Structures are given as C-alpha cells and as structure tokens.
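I opened the model today and kept notes as I went. The entries follow in the order of my look-ups.

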Amino acid sequence: MYRKNFKSVSQKTLTYSLAFTLAACPVVGAGQALAKPAAVASTESIEMTQAHAQVQYRINARLDEKNMRIHGNETVTYRNTSNHTLRKIVFHTYADANRSKTTQTSMFEQNNEEIQKENPQKKPEDFLGGIYIRSAAADGQSLAFSNSNQALTVELKQELKPGEAVTVEIGFEVKIPFGMQRLSYYKDIINGAHWFPVMSVYDENKQEWDNKPYSKTFETDYYDSSDFEVHINVPEAYQVLMPGTITTQADPKEPGRKVVTAVADNTREHVFFASPNYKVESVTRDGLTIEYFYFDNMPNKKKIVDEYIDTAFKAFQFFSEKYGKYPYSEFRIAESYVEGVAVEFARVIQMGQIRPNSDPAHDTTFVHEIAHQWFHALIGNNSEKESFLDEGFADFSMVYFAEKQGDELNGFKSIQIDDVSFIDKPIASNNTEAGGEANPVFYKKGRQAIYQLYRMVGEDKFDAFMQEYFKRYQYKNATISGLLQTIQDTLGEEARKEMDKALHDPQFALKPEYQLSETEKATYLREQFKDAYHLTLSQIPNLPAETMSRIVDKALQGEPLTIVVSDQASGIAKKQQQTILEQLEGFLEVLGIPHEVISDRQTLKNKLKKELPNSNIIAIGSAKTNGLIQALKPGIIQKSKAIGFDWKTKMNQKASSGAYIIKHPYNQNRLLLHLFWNGDALSDNAVEPFAEQMLESLGFSGDFYQYYVLNKTGQVATDKKIANPIAKFFGE
C-alpha cells in the first residue's frame with residue numbers, strides 16, 4: 001500500500017516538509033435462504049491432489065449486483081506442513097472489519113466523509129457490511145464452527161496429522177459496503193478484496209493460528225501462497241479483473257449473465273474488481289501481458305494508459321533483472337475511485353483516477369505498487385508485525401528504479417535528504433507500535449536502512465544479496481531474522497550487525513557520509529518545490545494567471561522577484577511590516593528563491609521603468625504609503641477589474657486588510673501581488689493572522705487565491721479563490 005502523503009507549510013515555523021510517498025450492519029441471518037451459485041465449468045480446472053501449494057481454493061460465487069451481496073461456496077484443501085497434530089483450522093474473515101466503523105480501517109475515513117456529503121440519502125449503515133458463514137463441512141459431514149472477531153474457527157472431526165490434508169467446504173454470504181474500502185462498491189465499480197474466508201497462517205513455534213483482526217491503522221495482509229480457481233457469476237456487461245488466467249462463459253441457465261473464471265497458482269491472495277464501464281487496454285511483450293482496466297471518461301485517456309503500461313514494462317524488466325524474474329504471465333491494473341491511496345495485491349494493483357496531467361514516467365506511486373509484486377506477492381511477510389519487509393523494500397525499490405531511470409528528483413537524493421530520526425520508533429516496530437507513523441517508520445526509515453546497506457557494500461554485492469534473498473523466500477513468508485541471516489550469508493557479519501542496529505535503534509539516522517551536503521539539500525529542495533508547485537497548479541485546467549501561488553511558481557522557474565515595502569509608513573506600521581517581511585523572506589529562503597527588497601523611494605524610482613517591468617513584484621503596506629502602488633495606481637485599478645476586485649472600494653474600507661494579485665501593469669507576463677492594510681497600521685491581534693493567511697495563499701497545499709479581505713481581527717471576510725482538488729491530501 002502506498003499513501004500519497006503531502007505535508008504542507010507549517011505556518012508558524014515557516015518550514016516546508018514535502019513528502020510524496022506521492023494504502024454494525026446485519027447481514028442475512030441464520031435460517032435465511034441463499035441462492036445457490038450457478039454451476040460453472042472451467043477449461044483450466046485445478047487438480048487439487050496434484051497442486052503444489054499448501055492451500056488450494058475452489059470458489060463459486062454469484063454477485064447480486066442489485067442488493068450488493070455475494071453468495072458463495074468455497075472448497076479449501078489445506079495440507080498440514082507443521083510437526084504438530086491439528087484439531088482445528090482457522091480462516092480470516094476480514095470482510096467483518098466492515099461490521100462497525102470502529103473496526104473499519106481509518107485509511108478511508110476522510111474519503112467516506114466526502115462520499116457521504118455527496119450521497120446524503122445514504123445511511124451510516126450503508127457504509128457497513130460483513131460476512132455471514134452459512135455452513136462448514138468435510139466429507140459430507142457438518143463441522144462445528146464459530147466466526148468471531150474476524151476469525152472463523154472450524155473444528156475438525158478427525159485430527160490432522162503432519163503431512164496430511166483436509167478438504168473443507170464453506171458456504172457464505174457477503175454484504176458489500178457502500179463507499180470506499182478494500183471491499184466496497186461506489187459509483188460503477190466493485191472493489192473485491194477480503195470477500196471470502198482465507199486460510200490463516202499457522203505459527204509452528206507458538207503452536208497457534210494467526211487470528212488477529214485486520215489493522216485499523218495500516219495493513220494485515222499475511223497469507224501463504226496458494227492455488228486458486230475462482231468462478232464469479234456476474235451480469236454480462238461487467239468487466240472483471242482478477243489475478244491469473246481468465247476465461248469467460250455465458251451462463252446457460254440465466255440469459256444476460258456470465259461466469260468469469262480465474263486460475264492462479266502460487267498466488268499470495270485473490271481479489272477482483274468489476275464494473276460495467278471498464279475498458280481494457282492489453283499489451284504483451286516478451287511473454288508478459290499487462291492489462292489496464294480503466295474508465296474512458298476523458299479525451300486522450302488511452303494515450304496516458306499506454307504510457308502507464310510502458311512504465312510498467314520498464315519496472316518489471318528492472319526488478320526482474322535486479323531481484324529475480326517475475327514468474328507470472330500476466331499483470332493487471334484497476335483504475336478506481338480511491339483518492340490518496342493505492343493498494344497492492346498479488347498480480348493486481350489498484351490505482352486512483354487517471355487525470356489529464358498524469359505523468360506515468362514519473363509516477364512513483366505506480367512503481368511502488370509494482371515493486372510490491374516482489375515484496376508482498378512473491379516474498380511474503382507478516383505485515384502486522386514486520387511491515388518494513390514489504391513497505392520498506394517496495395519504497396527503496398521505487399527509488400532505485402527512479403535513480404536508474406535518471407530521475408534525480410525521485411532517485412537516491414529523495415532518500416538522502418529525509419530526516420526522520422526524530423521519530424523515536426524502530427523500523428522493526430509492529431503496526432500497533434508504529435501507530436499513525438507508519439510512513440516515517442516503515443517507508444522512510446526503512447528505505448534509508450536499505451540504502452545505507454546498498455552504499456556500504458556497493459551495487460553489485462547488494463544486487464547479489466537481493467537475488468539470494470528472493471531465491472530463498474519466493475512464494476514463502478520472510479522474517480526480519482531471515483533477512484538478517486541472508487545478509488550475513490551473502491555480505492558478511494559486519495553488514496548484518498549494521499542492518500540489525502539500523503532496524504532496532506529507535507534513533508536510527510542515515511550515516512552523515514550518505515546524506516546530502518547543505519548545498520546539495522538546498523538545490524534539491526528547490527527542485528522539489530518547483531515540481532510540487534507545477535504538480536498542484538496543473539491540477540486545474542484553465543487556472544487563471546492571476547493566482548497568488550503562481551508568483552512563487554514563476555520565481556521557482558527562474559523569473560526575478562522583487563519585494564517593495566512602504567518607506568513612508570508610521571513607526572508601528574514599519575515594525576509590523578518588518579515582521580511580515582521576515583516571515584515572507586523566511587518562506588522564500590526555505591524554497592531557495594532569490595529576491596531583491598526595495599525599501600527606499602529613490603531606488604524604487606530608479607528601477608521602476610527599467611528593471612521592475614521584468615520582475616514579479618510583491619508589494620507590502622498601505623496603498624497610500626507604498627511608493628510602487630502609488631506610482632502604478634491607474635494601471636492597478638484597471639487590472640483589478642480582471643479578477644473582480646473593486647480596488648477603490650476595498651482600499652477605502654476601514655480596519656480591513658488583505659491581498660490581491662493582478663498582471664503587472666507594465667508586463668502581461670509578470671504578476672503583482674499587493675499585501676495591504678487600510679489605515680495607519682494593522683491592529684495588534686491581526687498581525688499574526690495576516691502573516692499566516694499570506695503564507696497559506698502563497699503555498700501549494702491549500703486553495704488558490706485571487707484576492708481575500710480580512711476584518712479587523714484578521715479573519716477572512718470575503719475572498720475569491722479556486723478550490724485545490726488535492727488539498728485534502730495535505731496535512732498540517
């Protein structure tokens with residue numbers, strides 16, 4: 001899972017930290033009849049007795065799209081590979097995480113709040129769901145079972161000795177929640193993760209089954225690789241994607257419906273996505289077919305889809321060469337309505353909406369999810385206890401790929417500049433210990449620890465170690481102790497000690513020799529902010545030229561910037577002006593933006609017609625005391641009309657202040673931003689809100705302002721702004 005985590009300006013400290021790291025409703029009760037799934041045939045049926053995985057599933061399901069239910073039966077064959085005799089087997093029923101808001105993942109809470117606003121007719125219980133276990137049997141005999149706290153325990157009639165296998169049949173029904181969850185339906189798509197009972201992993205050392213409920217704050221995807229044969233009966237118009245080889249047959253008993261079958265051997269998990277409006281772009285190269293299921297809802301979208309597929313092929317080739325060959329013949333991508341989060345599954349990933357300004361060649365989130373095919377799908381791990389093993393390696397791999405593609409902004413420098421040592425939690429933390437800091441702990445610190453190892457031993461030895469790690473744990477579940485042993489066996493005792501320390505030291509920080517110098521940091525940050533402004537401003541087609549954030553964007557692009565302060569202000573106003581100037585300059589310094597400050601009338605006169613027409617300008621102070629505003633007053637009044645700002649009225653409004661931005665009266669390609677107050681000075685309690693609003697309007701994490709007017713306490717009384725569509729992804 002990869003969350004795009006944008007951190008905005010901290011207004012009071014004036015430091016920027018940008019991180020694009022840019023994943024109780026009752027169901028049918030006992031005794032209620034369930035429709036039996038239609039009989040289906042498969043041309044690629046798994047012979048359970050010959051299958052090589054520890055667990056084999058054969059699932060027959062029918063989608064009731066009108067009531068958003070799934071009626072299913074599964075036959076599961078489990079082989080006891082432990083040295084213990086088992087008297088029960090345990091399944092995860094993660095669909096039950098949706099029975100209550102208190103157990104649903106917090107990851108999608110904000111999205112669902114927005115969806116609720118858009119769909120006021122939906123009740124809170126519509127956003128909930130769950131799974132009802134109808135029956136459990138073996139050899140035609142019913143088995144006792146209980147489904148509690150997202151764990152289905154089935155009592156066996158006969159002991160299951162080491163090396164023996166048991167086949168259990170389970171009947172179930174699922175209520176799919178409305179909204180945005182791993183299992184959910186929204187608009188014209190169904191997200192089908194965690195929809196059937198899945199075998200738990202047996203811990204031989206502890207002699208117990210893993211029965212933890214799904215993580216509220218992060219992920220709990222811990223499974224054994226298994227063989228799947230899945231048949232889903234859906235309306236004929238639906239496009240369905242799943243992992244594996246897919247075939248489709250018309251339902252002979254029910255016209256207008258079809259059965260979609262997927263056969264997937266040695267696969268970590270099985271999910272589906274379904275929509276009547278999916279289009280599919282499929283490309284095959286060198287024996288690998290990549291398919292993108294997308295909504296054809298904007299011009300030229302296929303072109304962007306093709307570019308994503310090209311990037312995917314590059315990533316698969318890179319990771320196959322560096323780590324180990326991707327063993328499957330297909331990979332599928334599902335476009336969905338998730339926002340701010342992308343989610344990995346085995347042989348399938350879920351992405352958000354493609355936008356007109358999407359940049360597939362530099363979409364790090366996309367590459368991160370592909371990297372999860374190695375670190376999650378192929379090399380599994382207990383993602384409740386050791387999330388670093390998938391998220392840390394996937395994030396490092398994302399950066400490794402970018403580095404070798406020549407993408408300096410998203411390459412190794414993005415690791416070298418991160419300072420997350422203040423997070424006093426070790427990388428080896430479990431999800432509960434990491435709490436809400438999974439990003440800095442598992443992703444940021446995690447990838448730094450791997451990068452440090454990479455730098456210590458060199459690329460060739462690192463790649464050789466990774467290939468051995470892949471060889472040892474492909475289709476298996478790795479552990480941190482197993483990782484450390486592989487490091488020792490391939491790179492030596494000293495490398496193991498360094499990695500062990502890095503993973504368990506709460507204050508771990510990248511060694512100074514692997515960090516960027518101060519000069520390198522300044523250069524990198526400038527480029528990072530330049531990219532951030534470009535990204536956010538390009539989210540809105542036809543965004544007006546007169547937008548306050550644009551003056552920063554233009555300065556980052558290399559255009560000159562001049563600040564003109566009032567030279568005839570009163571003593572109090574001059575002190576306030578100096579405070580505001582210092583905060584503005586601090587902001588510009590963090591972004592690495594050079595600028596000139598003009599504070600006397602003579603210098604202003606000398607530069608007014610020769611130099612200043614080529615510069616973007618920020619004027620500070622009263623319109624009556626700022627020399628630049630006085631000199632350009634007629635042009636300013638005229639240009640203000642373009643943004644609907646009644647200049648004369650606003651400048652005569654007592655006890656008010658604010659800002660407006662216009663095209664430079666002498667140059668249509670430059671901007672003039674005026675930070676003003678009326679009267680002699682600001683009221684004492686308005687200075688801090690004035691400065692905060694100034695910084696907010698110049699940033700990229702909030703809405704885009706053309707003007708705003710504050711009252712005497714510094715609160716916004718009126719404004720004109722354009723909503724930032726990705727503002728919801730930024731955190732203070």
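Predicted model: local features only at pLDDT ≥ 70, side-chain atom pairs only at ≥ 80, totals over all residues.

Residues are numbered from 1 along each chain as its sequence is written, and side-chain values use heavy atoms, with hydrogens and water left out.

**Entry: Ala394**

I looked up Ala394 and found it in helix α4. Ala394 has a relative accessible area of 0%, so it is buried. I then listed its contacts (heavy atoms within 4.5 Å). Not counting residues up to four places away in sequence, Ala394 touches His368, Ala371, His372 and Phe375. I also took one C-alpha distance: Ala394 and His376 are separated by 8.7 Å, and they sit 18 residues apart along the chain.

**Entry: helix α8**

I checked the length of α8 (residues 459–473) next. The expected span of a helix is 1.5 Å times one less than its number of residues. For the 15 residues of α8 that gives 21 Å, and the end C-alpha atoms are 21 Å apart, which agrees.

Which residues of α8 are buried? I noted Phe462, Asp463, Phe465, Met466, Tyr469, Phe470 and Tyr473. They cover an arc of only 160° around the axis, which puts them on the same side of α8. The arc is that of the directions from the helix axis to the C-beta atoms. I reminded myself that an α-helix has 3.6 residues a turn, so residues three or four places apart point the same way.

On the other side of α8, I found Asp460, Lys461 and Lys471 exposed. What covers the buried residues includes α2 (301–322), α4 (388–404), α7 (438–457), β27 (477–478) and α9 (480–491). Just after α8, Tyr475 takes a positive phi of about 70°.

**Entry: helix α18**

I repeated the length check on α18 (residues 687–698). Its twelve residues should span 16 Å, and the end C-alpha atoms are 17 Å apart, which agrees. Nine of the twelve residues are buried, so α18 is largely enclosed by the rest of the structure. Among them I noted Phe690, Met694 and Leu698.

**Entry: Thr547**

I found Thr547 in the loop between α11 (518–537) and α12 (548–556). Its relative accessibility is 0%, so I logged it as buried. A polar atom of the Thr547 side chain lies 2.7 Å from the backbone oxygen of Pro544. Leaving aside neighbours within four places in sequence, I found Thr547 in contact with Ile661, Leu671, Phe704 and Tyr705.

**Entry: salt bridges**

I counted a salt bridge when a side-chain nitrogen of Lys or Arg is within 4 Å of a carboxyl oxygen of Asp or Glu. How many does the structure hold? I got 36 salt bridges.

I looked at Arg62 and Glu254, whose side chains meet at 2.6 Å, N to O. Arg62 lies in strand β3 and Glu254 in the loop between β18 (245–250) and β19 (257–267), so the pair ties together parts 192 residues apart in sequence. Arg62 counts as buried at 16% relative accessibility, and Glu254 as partly exposed at 28%.

My next pair was Lys301 and Glu335, with the closest N and O atoms 2.7 Å apart. This pair links Lys301 in helix α2 to Glu335 in strand β23 (residues 330–335), 34 residues apart. Lys301 is buried at 1%, and Glu335 is buried at 0%.

**Entry: Asp64**

I ended on Asp64, in strand β3 (residues 55–64). Asp64 is buried yet has no salt bridge. The nearest side chain of opposite charge is Arg62, 5.3 Å away. For charge, I counted Lys and Arg as positive and Asp and Glu as negative, leaving out His and the chain ends.

What does the side chain of Asp64 join in a polar contact? I found Asn67, at 2.9 Å. A polar contact here is a pair of N or O atoms within 3.5 Å; within protein, one must be able to donate a hydrogen and the other to accept it, and residues adjacent in sequence count only if both atoms are side-chain atoms. Not counting residues up to four places away in sequence, Asp64 touches Arg69 and His71.

Key:
Helix = DSSP H or I, 4+ residues; strand = E, 2+ residues; numbered from the N terminus. Buried < 20%, exposed > 50% of the residue type's maximum accessible area, 1.4 Å probe, protein only.
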